[in-house]
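This report describes selected features of strand pairing, helix packing and aromatic contacts. The sequence and the structure are shown first.

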Amino acid sequence: MIRLENVTRVYGQGAGAVTALKDVNLEVAPGSITGVIGVSGAGKSTLIRCVNLLERPTRGRVFVADQELTALNKEALRKARHGIGMIFQHFNLLESRTVRGNIGLPLELIGTPRRDIDQRIDELLELTGLAERANAYPAALSGGQKQRVAIARALASNPKALLCDEATSALDPQTTSAILTLLRDINQRLGLTILLITHEMEVVRTICDQVALISGGALVETAPVGDFFTRPATEEGRLFLNDFLQLAPSNALLQRLSDGGAGNGVPVVRLTFRGQSLSSELMTHLEQRFGLRLHILQARVENIQGRTLGLMIAEFDGDRDIIDDAMAHLHTLDVQTEVLGHVQRHD
Ligand SMILES: Nc1ncnc2c1ncn2[C@@H]1O[C@H](COP(=O)(O)OP(=O)(O)O)[C@@H](O)[C@H]1O
Ligand SMILES: [Mg+2]
């Protein structure tokens, strides 16, 4: 539905030139939700603005719904843009217009008859849960309601694709979750293709099918979300994921680790289970087969697009060779282990 081919965008010229996008190739399947994730300054906004040519790529081609936007003249591009909605972090509503007035604006601009506009507004108010606020002005709305208005407005001309630039970054977690649910709902009900950019892994994990990681203007990894969260293919991907998943040792554990094991300490190990369950059977197996005693100190299990990701911090109590054997066994099961330090043996 959306395809970027070798898209490069350079801002400025000469010594001050900034290459915000480098040779980006990205394909977004019809009806899917793709999240572009990256740190601030990575080039996310530039990328999404290149999709509807709010920014024109310096090089490369952009296709939306099998039409090459980069080859269109001004008039044809204006028409093609009706098929692409966009929402922003700061909503960009007209303060002087009511909710109805904001939602109907794009249709007024293309000369849609008033009756049709009013009917469409009613549908969109219903779809976005705003019926009660139809005649309110933006100043009287909450952040979540404002973003709902922006979504309704973006959908007014029945677009095939919706672009979201950090659409939930100005919202609190609860409102974010409600807006993401609305986007998923619209995606499923209308078959709308969504490309969103975000710096939050939680957003990707909640609603995306595909994730693309951008770093320094280059797309470094594109993968189904379940794969990315359980098995990132690149070092950048792993760093991003680790930041998100951090199962950090508690303060009490850090204190014990800094006291150390005084010679006869036992290792404290962080285990990462990818795609398999963090089962009590495995724990029992380690205890029965290897005679290892496990003291589980902290654990966390995440379900991401049907894939399990488990993290656990445990003391491995047993003789040195027993511990080595148990570790080797875990590695054959593709469980990652990391020794955080040593603590005094439990009594
Ligand atoms: N209009 C502009 N003129 C010059 N440099 C820009 C402009 N817009 C963005 N940049 C630069 O391009 C890079 C990518 O910016 P941006 O796409 O906004 O990243 P992100 O959305 O990931 O934070 C940054 O180095 C930024 O400073
Ligand atoms: Mg940005």
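## Basis of the description

The model described here is predicted.

Strand 8 spans residues 193–198, and six of its six residues are buried, so the strand is largely enclosed by the rest of the structure. Burial applies to both of its faces. Thr193, Leu195 and Ile197 lie on one side, while Ile194, Leu196 and Thr198 lie on the other. In a regular strand the side chains alternate between the two faces of the sheet.

Strand 8 runs parallel to strand 3 (residues 33–37), to which five bridges join it. It also pairs in the parallel sense with strand 7 (residues 161–165), again over five bridges. Isoleucine 194 of strand 8 is the bridge partner of isoleucine 33 and also of leucine 162. Together with helix 6 (residues 173–190), strand 7 and strand 8 make a right-handed β-α-β unit.

## The antiparallel sheet and its helices

An open sheet is formed by four strands in the order 12-13-11-14, with antiparallel pairing. Strand 12 (293–304) and strand 14 (336–343) each have a single partner strand and stand at the edges, so one side of each is left without a neighbour in the sheet. From one strand to the next, the twist averages 15°. Seven bridges connect strand 11 (residues 266–274) with strand 14 in the antiparallel sense, and threonine 272 stands opposite glutamine 336 in strand 14.

## Aromatic contacts

Two aromatic pairs are present in the structure. The ring centres of phenylalanine 228 and phenylalanine 229 are 5.9 Å apart and the planes stand at 80°, so this pair is edge-to-face. Both of these residues, phenylalanine 228 and phenylalanine 229, are buried. For phenylalanine 229 and phenylalanine 244, the centres are 5.8 Å apart and the planes at 85°, so this pair is edge-to-face. The latter pair links distant parts of the chain, with phenylalanine 229 in helix 8 (residues 225–230) and phenylalanine 244 in helix 9 (residues 235–245), 15 residues apart. Phe228, Phe229 and Phe244 form one aromatic cluster.

Elsewhere, arginine 3 lies over the face of phenylalanine 63, at 4.2 Å from the ring centre.

Note on methods
Residues numbered from 1 in each chain as written. Chains lettered and ligands numbered in written order. Predicted model: local features only at pLDDT ≥ 70, side-chain atom pairs only at ≥ 80, totals over all residues. Heavy atoms only, no water. Phe/Tyr/Trp six-rings, centres within 6.5 Å; stacked < 30°, edge-to-face > 60°. Buried < 20%, exposed > 50% of the residue type's maximum accessible area, 1.4 Å probe, protein only. Helix = DSSP H or I, 4+ residues; strand = E, 2+ residues; numbered from the N terminus. Lys NZ or Arg CZ within 6 Å of the ring centre and 35° of its normal. Pairing = 2+ DSSP bridges. Axes fitted to C-alpha atoms, helices over the stretch in contact; angles between N-to-C directions. Right-handed = clockwise from strand over helix to strand, strands pointing away.
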